[in-house]
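Colleague: I'd like to learn how to read a model like this one. Can you walk me through some features, starting with how strands get their names?

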Amino acid sequence: MPDTQTHIKQRIEQAHKRARAWQRPVLASYTWEIPSFDAFHIIQNTETSHYYFTSADRSLEMLGCADALVLTASGAERFQRLQYDWSLHRRDVDAILYAFSGFSFDTFVRPQKNMWEAFGEASLVVPKFLYRRLGDTHTLTVSTLVSAKQSVEQYLIQLADQLAQFSSLQTPDSPSPTYTQVKNGVDHFKSSFQQAKQAIKEEKVEKIVIAREEIYQTSDEAFPFAETLRHLEAQQLGSYIFLYQPKREMGFFGATPERLVKKEGPYIETAAIAGTTKRPLSEDEAEAAKAHLLHDQKNLEEHDIVVKSIKHALAPYSATIKAPESPRILQTRSVYHLHTPIQATLDTNASLLSIIESLHPTPALGGYPKRTSVRLLRDIERFDRGWYGSPFGWLSTEGEGEFVVSIRSALVHHQFVAMYAGCGIVQESELESELAETEMKLSPIKEALGLNRVTPGGSPS
Ligand SMILES: C=C(O[C@@H]1C=C(C(=O)O)C=C[C@H]1O)C(=O)O
């Protein structure tokens, strides 16, 4: 690929000149079209960091390998800090660049060490190698942070070596660990439920979303990320599949149906997804289950709080906000949710990250009112949510991007896998049905790990 090499060289030379003049490292990047490509094959066969995102309709797929640039931030201003640092770097390149980005649910630091330590509170990564498929167009972007300390030739040799490795991958057997449960989280959940109900009774909050953490120990240090994601992608149609794996032995992944926000120019698409019922095994019972959910007062109340709160959060930025009067059904493989798609047109040049800051956490994951419920959760929950229930997605140097709410997800930390599920509690909530709901919500991940193969059939439409 002589042309590609020449282009990469030119970009690095240009960045090198800028790095000397500006006295700081400068990003260089080049994108070209490539043939179709199996992202999971790369995840399985490379030892680098991996970042993965595919849209719910599978029209967009992105895989990042290795890090060209990692920006992190913490504290209450984390969204703005990240936005500021990203806006400095995005001036480096004349082409469009894409980054993966994720956040912790809260910035509250628990005193005890925990499995989420390596993830931080806000992170944005420009991968060294980005495979991107949009419709039928497949591209590879190579990016590197160029400093004046190293020569152009050194950068070229490093990139060429790494690119060569991708084309000569061996396929080792995928690990197939067995899993032993070390925590089911049920007692904690029950106690959270009682405290949540008490807080509602005392009128501190109208709704609060409590979560359950279930942990397994694996028999094998090497977790089968690729195989698990391949399973989720095939089985969880209609859900976004994501992975943030900064190290071989650590990764956060999931299959979420919930979009937090998509931004294209001034157009914003978000959604309220709250209110859940089990998807019946037989299609005959499906219509009755959907009709019941669409008219169930408890679920409608839970849902309505989310719709109102999202509209309220978007109002300061928006010229128009559109949403249907009543919710529809969103179906996943195991559950039905109440779903209200919400569209807005921005009348300011607010960044995607500032919109995310205003939305997160919606009462689908936090509660209402937002601040009180997040504060209450710090006392109620005795584990760290880490990145569960948080914004995860991609963004471009042009300010576009799409973030999901990272539910139906699990954290791999060495030989442990922690999985998470939560449900919205309102005045009428009952313990047994909420606990059963957490089971339904854990089932996609458990199924992907081979922990319980039996879930309702059929594919979502
Ligand atoms: C909190 C979760 O799901 C959220 C809570 C829902 C509910 O309470 O009905 C439904 C969808 C999600 O917004 C989860 O899956 O962990």
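Modeller: Strands here are DSSP runs of E with at least two residues, numbered from the N terminus. One case is β3, which covers residues 60–72 and holds Ala66. Keep in mind that this is a predicted model.

Colleague: Is Ala66 buried or exposed?

Modeller: The cut-off you need is that buried means under 20% relative accessible area. Ala66 has 10%, so it is buried.

Colleague: Where does Arg408 lie, and what is its phi?

Modeller: Arg408 lies in the loop between β18 (401–405) and β19 (409–413). Its phi is positive as well, about 50°, though Arg408 is not a glycine. Arg408 counts as buried because its relative accessibility is 8%.

Colleague: Which polar atoms lie by the oxygen atoms of the ligand?

Modeller: For polar contacts, look for N or O pairs within 3.5 Å. A polar side-chain atom of Thr276 is 2.5 Å from a ligand oxygen, and one of Arg408 is 2.6 Å from a ligand oxygen. Gly422 uses its backbone instead: an N or O atom there lies 2.7 Å from an oxygen of the ligand. As for cover, the ligand has 390 Å² of accessible area on its own, and the protein covers 100% of it.

Colleague: What kind of space does the ligand take, and which elements supply its shell?

Modeller: The ligand's space is the largest cavity.

Colleague: Last one: which peptide bonds are cis, and where are their prolines?

Modeller: Most peptide bonds are trans. A cis bond joins His360 and Pro361, with omega about -15°, and Pro361 sits in the loop between α9 (352–359) and β16 (367–368). The bond from Tyr368 to Pro369 is also cis, omega near -5°. Pro369 is in the loop between β16 and α10 (370–380).

Notes
Residues are numbered from 1 along each chain as its sequence is written. This is a predicted model: local features need pLDDT of at least 70, side-chain atom pairs count only at pLDDT 80 or more; totals for chains, interfaces and linings use all residues. Side-chain values use heavy atoms; hydrogens and water are left out. A polar contact is a pair of N or O atoms within 3.5 Å; within protein, one must be able to donate a hydrogen and the other to accept it, and residues adjacent in sequence count only if both atoms are side-chain atoms. Accessible areas come from the Shrake-Rupley method with a 1.4 Å probe; for residues, only the protein chains shown count as cover. On a 1 Å grid over the protein atoms alone, a cavity is a set of points where a 1.4 Å probe fits but cannot get out, and a pocket is an open set with protein on both sides within 12 Å along at least five of seven lines; lining residues have an atom within 4 Å of a point. A molecule sits in a cavity or pocket if more than half of its atoms lie within 2 Å of its grid points. Helices (H or I, at least four residues) and strands (E, at least two) are DSSP runs, numbered from the N terminus. Buried means under 20% relative accessible area, exposed over 50%, partly exposed in between (1.4 Å probe, protein chains only).
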